[in-house]
Amino acid sequence: MKILHNVRVLQISAGQLHTIDKAAITWQGQQLMYVGTRADMPRPDVGAEWIDGCNALATPALIDCHTHVVFGGNRSEEFAARLSGMSYSDIAKAGGGIRTTVRHTRAATEAQLLQSVMQRAQAMRRGGVGTLEIKSGYGLDLATETKMLRVATQLSAQTGMRVRRTYLGLHAFVAEEWPSRTAMLEAVCNSWLPQLHAQGLVDAVDAFQENIAFNADEVRQFFAAAKALRIPVKLHAEQLSNTQGAALAAAFGALSADHLEYLDDSGIAAMQAAGTVAVLLPSAFYCLRESQLPPIAKLRAAGVPMAIATDCNPGTAPNTSLRLAMHQACTLFGLSIPEALAGVTDIAARALGLVDTGQLRAGFCADIALWQVDHAAEIVYWLGDLPAQQLYVAGRKCEV
Ligand code: NIG
Ligand code: FE
């Protein structure tokens with residue numbers, strides 16, 4: 001048994017923050033046993049390990065529920081092109097964008113990919129992130145998609161972080177490589193997905209539904225294949241235009257629909273009815289210099305849970321700081337501090353289908369971040385480095 005004492009514990013419920021002062025947290029193996037005041041703590045086991053929290057603020061370890069953090073190369077040249085007026089869609093239509101990263105990712109060895117993602121993941125971990133979702137989607141062939149998902153799996157062992165792997169089967173269509181779009185769909189749905197699933201590499205699937213990517217019929221076909229294998233689905237929806245992606249995702253009981261700048265009222269209603277989480281990605285909004293805001297007030301009014309993630313990727317969000325994404329969600333999208341904190345803990349867990357992480361309560365996983373701050377708002381407020389003092393994932397201490 002482990003006993004973290006001399007801490008203040010942050011609890012987030014019903015949109016309110018609550019701090020327990022002079023608190024203690026105990027856990028056995030991976031599971032939290034007690035979270036409350038030190039005074040009320042049940043008598044500990046003899047031989048329990050005591051850990052001094054130095055009066056830090058304990059929060060659930062943060063959860064980054066949407067990333068593309070495994071990739072080869074980078075896209076700084078396209079960033080420069082965008083600054084001189086080219087749009088993200090123009091670059092994609094000219095064969096760049098996602099396809100640039102596909103070329104680099106195919107060329108990289110598994111060891112090279114692991115080495116580059118380790119650096120980004122270490123920055124995330126230092127920022128208090130204990131759980132990380134990682135999408136494939138820069139392979140677009142079976143060998144490279146497999147390589148990416150294997151690297152994501154290895155990353156967990158190397159860093160101690162919990163990693164959820166998402167097969168992003170429909171990210172871009174490379175016309176030169178296929179006789180038709182139907183042929184690609186056939187391979188992805190009936191061959192690659194079952195093979196990746198059989199190797200235990202897939203926790204969820206995702207697709208990019210957009211005018212420059214895949215249409216609703218194609219996404220429906222892919223989701224039907226995933227559902228037949230009982231794999232949960234997620235969707236990049238209404239990022240650059242409205243293609244009714246959120247409603248389609250909701251119809252498949254999606255864990256989340258992500259981006260959502262162009263989400264309309266019917267999409268909100270569908271997500272609400274299905275319990276689909278809205279994952280907000282303000283770093284992509286910021287980098288693309290978007291002006292269309294996701295309908296935050298309407299999502300809030302409808303009671304659709306809102307998560308926040310970095311979307312860390314080389315094209316639209318070269319960002320490893322989940323705290324920066326939280327700050328952007330507040331300043332650019334108008335979220336409150338409690339909404340931002342819930343959006344990277346409890347609600348982010350829901351967006352990944354994790355039922356026992358993201359809260360500091362008995363019975364949940366012992367995933368804890370300690371912060372040297374006076375008030376929880378500082379976690380969102382400070383720009384730049386604010387390293388977590390200590391980080392525990394599934395009861396085990398991680399380096400920060
Ligand atoms: O979430 N929208 C599609 N996928 C990523 C960007 C991928 C890329 O440009 O490399 C996103 O923004
Ligand atoms: Fe994304």
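What follows describes the surroundings of the ligand and then the salt bridges.

This is a predicted model, in which local features need pLDDT of at least 70, side-chain atom pairs count only at pLDDT 80 or more, and totals for chains, interfaces and linings use all residues. Residues are numbered from 1 along each chain as its sequence is written, chains are lettered from A and ligands numbered from 1 in the order in which they are written, and side-chain values use heavy atoms, with hydrogens and water left out.

Around ligand 1 there are 15 residues, of which R75, Y88, Y138, Q239 and T316 come nearest; a residue counts here if one of its heavy atoms lies within 4 Å. By class, this shell has 4 nonpolar, 9 polar and 2 charged residues. Ala, Val, Leu, Ile, Met, Phe, Trp, Tyr, Cys and Pro count as nonpolar, Asp, Glu, Lys and Arg as charged, and the others, Gly among them, as polar.

A polar side-chain atom of Y138 lies 2.6 Å from an oxygen atom of ligand 1. For Q239, a polar side-chain atom is 2.8 Å from a nitrogen atom of the ligand.

Elsewhere, the count comes to 15 salt bridges, each a side-chain nitrogen of Lys or Arg within 4 Å of a carboxyl oxygen of Asp or Glu. One of them joins E176 and R99, with the closest N and O atoms 2.6 Å apart.

Notes: A polar contact is a pair of N or O atoms within 3.5 Å; within protein, one must be able to donate a hydrogen and the other to accept it, and residues adjacent in sequence count only if both atoms are side-chain atoms.
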